[in-house]
Structures are given as structure tokens and as C-alpha cells.
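Subject: Structure for you to look at

Hello,

Here is the structure I said I would pass on. Please open it next to this message and follow along; my notes come after it.

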Amino acid sequence: MFDSNAAVYKRTAGSSAIELGERSAERARFLADVVSGLSRAGQKELPCHYLYDDLGSALFEAITLLPEYGLTRADERLLERHARALLPHLGGLPLVSELGSGSGRKTRHVLCALREMAGDRALTYAPIDISQAALEQCEKELAPFARVIPLRGSYLDGVAQASRLREPGQPLLVLFLGSTIGNFARQPAKDFLTSLRGHLVPGDVLLLGVDLLKTIDQMLLAYDDPTGVTAAFNLNLLGRINRALEGDFNLRRFRHQARYNPLERRVEMHLESLADQEVVIGAAELRIRFHAGETLFTESSYKYTAQEIAELAATAGFRCTEQWIDSEWPFAESVCIAC
């Protein structure tokens, strides 16, 4: 799950003009993507990273606590049990960066293991997220374990910034946890990891979390919980359009829908229109028609086998040297070394 947001910035007299300009550019990108995605012929679709404004990020944190969503607990179990096994793969004390850190709750296991390596040396952690609120929470949670340098922005821009923070010869450890790679279609996933590899040097390490195939019922429950938290997370995308782009979506006239696509081996999230209706996007002076039963496609989560993860890493310029798999919820953490 992933990128771009309308969060409120902290302002200072010297930086307010820059921040206002950044907010304006973000809104323009959001508007352009909404107009493009809602105007397309056939399946209407929006990039899943727009699910993660500050409210969306908070709702996703709640999802990770649900009994039906075992992915996050599996991820955390693996990190707690195996974080120290990372140390032999590192060519020294690394600068740690994390893509889509959220609150950074799971990451403390890695930082604690690295502190043993650090001794009296400073450990630096650079979380990357598009939610300012998530970064602030992350900094608060992990400041006892490392010097935290939050980087707000896209994944690749953030990694480029993080790479510039390291000292000469210092390795970079990139954490990409929680199976966010599953939000990419298979070829774009390869393209993204290849681009990520382009920001690294040989010997840098990527710890890649990936959700594995499991029963269809188990997968669907994880994306359509009976308490409705995932539904609220999905519907918040329409609320975000209303708040940021002068939309007039009536959220009660849409419902959350989770589907499994067996050909693509992915879970899909949709928002289904409950009636024939017209929606206005005021910022674009655009009217969009929805037919009853028509859906807006908001997110996909591709599932992998353990062998496919190693093959995916290899095509992007990494060598998978170790893999940990949770026995309670099929999920894998893979240690990938930049070649």
C-alpha cells in the first residue's frame, strides 16, 4: 500500500512559501490523476497510493490490528525472530532507510539488532512516507533506538535522499516491509525494484516483505473484515477527493468490495456504485457518470510463491541470500543483496 497526500505541513517563516508550493503541486498531481482515472473508458481506476492521506494511514494502522489481517503480525514475528540474522549480510554498520514506514512499529526489531553492532556509534534511520502524521509518529516511536531523519515523499526520491546521507563506504539497508510490493502489477514490480537497485551500490541490502499465496477465503477476509475498517479505508479515498478537490461523492451510495482474481493471483479492492448517479469534481469542473453496479478499482495485492520472490529479485539486480517464512500466516521476508 503506497504514495501522495494532502497532509498539513508544519510551517516556519522561512519555509512556508516552499511548503505552499509543494502542497499546490501535490494537489495538481492528485487532480490530474483523478480526472484521468475517472474519465477513462471501461474500468475506472485510481492509483492506490492516494488511499494514504493522514486519515487513510491511520485507518491502515487500525487494519493491521485486525484478527483477519495476519500479514502485519507475521511480518513482525519474522523480524523479531530473525533480525539478528541480517548482521552477517551487512558490510558494516548501515544507514537504515524504510519505504512506506508508517508508524515504524515493526522496525524497532531491526534497529535493536543493529544497536548491538553499533556499540557507541550513532545509528541513523531515515523513514520514507508520504504521510506527515505517520512520519511524526514514527520519529516519536523510534527516536529511542536511532537518530531519526524523516523523509517525506515518494519511495525512489526518498531512497536517493537517504543514499546521500550515508558516510563514505557506509552500506545502505533498505527495508520494504509489509508486502507493499504486492500493490504493483508484476512487470511494474520488476521495474520498480530495478529502479530501486539503480540508487544502490553493490553490497547494499534490501529486506523485502512479500505476502504469499494462501486460501481464497483467508485472503478475502484480510481485505474485507466484518468490522468494516477496510471498507472505511477504501471509502476514505472518495472522502479525500471531496475534501481536496471539491468533489461531491455521497459515500453512502458506494460500497467496498474485495475480489480475488485467480488469473492474476491478486486480491482487488473496488468501490461499487449502488445506483445510477453523477458525481462532480469541482476543482476540474468535471461531471462523472456511474452506473449501478459499476466499480472504481482502487487497489490490487498480488500474491507470490517463495521461489517467485527470489526470481523477481534476480531480474532486478539482487541476489536473494536468505528467506524467512512465517508458519502461521504464509508470508516471507527475503534478504536481497545488490549485485
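A pocket, as the word is used here, is an open set of grid points where a 1.4 Å probe fits, with protein on both sides within 12 Å along at least five of seven lines; a residue lines the pocket if one of its atoms is within 4 Å of a point. Keep in mind that this is a predicted model.

The pocket

By that definition, the largest pocket has 37 lining residues, and those nearest its centre are F60, E61, G100, S101 and G102. Its volume is about 550 Å³. The biggest share comes from α2, with 5 residues. Sorted by type, the lining residues are 15 nonpolar, 16 polar and 6 charged.

The nonpolar cores

Which residues touch the most other members of the largest nonpolar core? They are L173, F249 and I281, in a core of 68 residues. Helix α9 (residues 229–245) contributes the most to this core, namely 8 residues. Another core, of 32 residues, lies apart from it; V159, A189, L193 and A313 are among its members.

If you set aside its neighbours within four places in sequence, the contacts of L173 are L86, L90, P94, L95, V96, S97, V110, L114 and V205.

The strands

There is an open sheet of 4 strands, in the order β1-β12-β9-β8, with mixed pairing. Its edge strands, β1 (44–45) and β8 (254–261), each pair on one side only. Inside the order, β9 (residues 266–273) and β12 (residues 295–302) are antiparallel and share 7 bridges. As a landmark for that pair, find E272, which is opposite T295 in β12.

A further pair is β13 (residues 318–325) with β14 (residues 331–338); these two strands also run antiparallel, joined by 7 bridges. How many residues does the hairpin between β13 and β14 pass through? The hairpin that joins them has 5 residues.

Regards

Technical notes:
Residues numbered from 1 in each chain as written. Predicted model: local features only at pLDDT ≥ 70, side-chain atom pairs only at ≥ 80, totals over all residues. Heavy atoms only, no water. Core = buried A, V, L, I, M, F, W, Y, C linked by side-chain atoms within 4.5 Å. Buried < 20%, exposed > 50% of the residue type's maximum accessible area, 1.4 Å probe, protein only. Contact = heavy atoms within 4.5 Å. Pairing = 2+ DSSP bridges. 1 Å grid on protein atoms, 1.4 Å probe; cavity = no way out; pocket = protein on both sides within 12 Å on 5 of 7 lines; lining within 4 Å. Points joined across faces, edges and corners; volume = space filled by probe spheres on them. Nonpolar A, V, L, I, M, F, W, Y, C, P; charged D, E, K, R; others polar.
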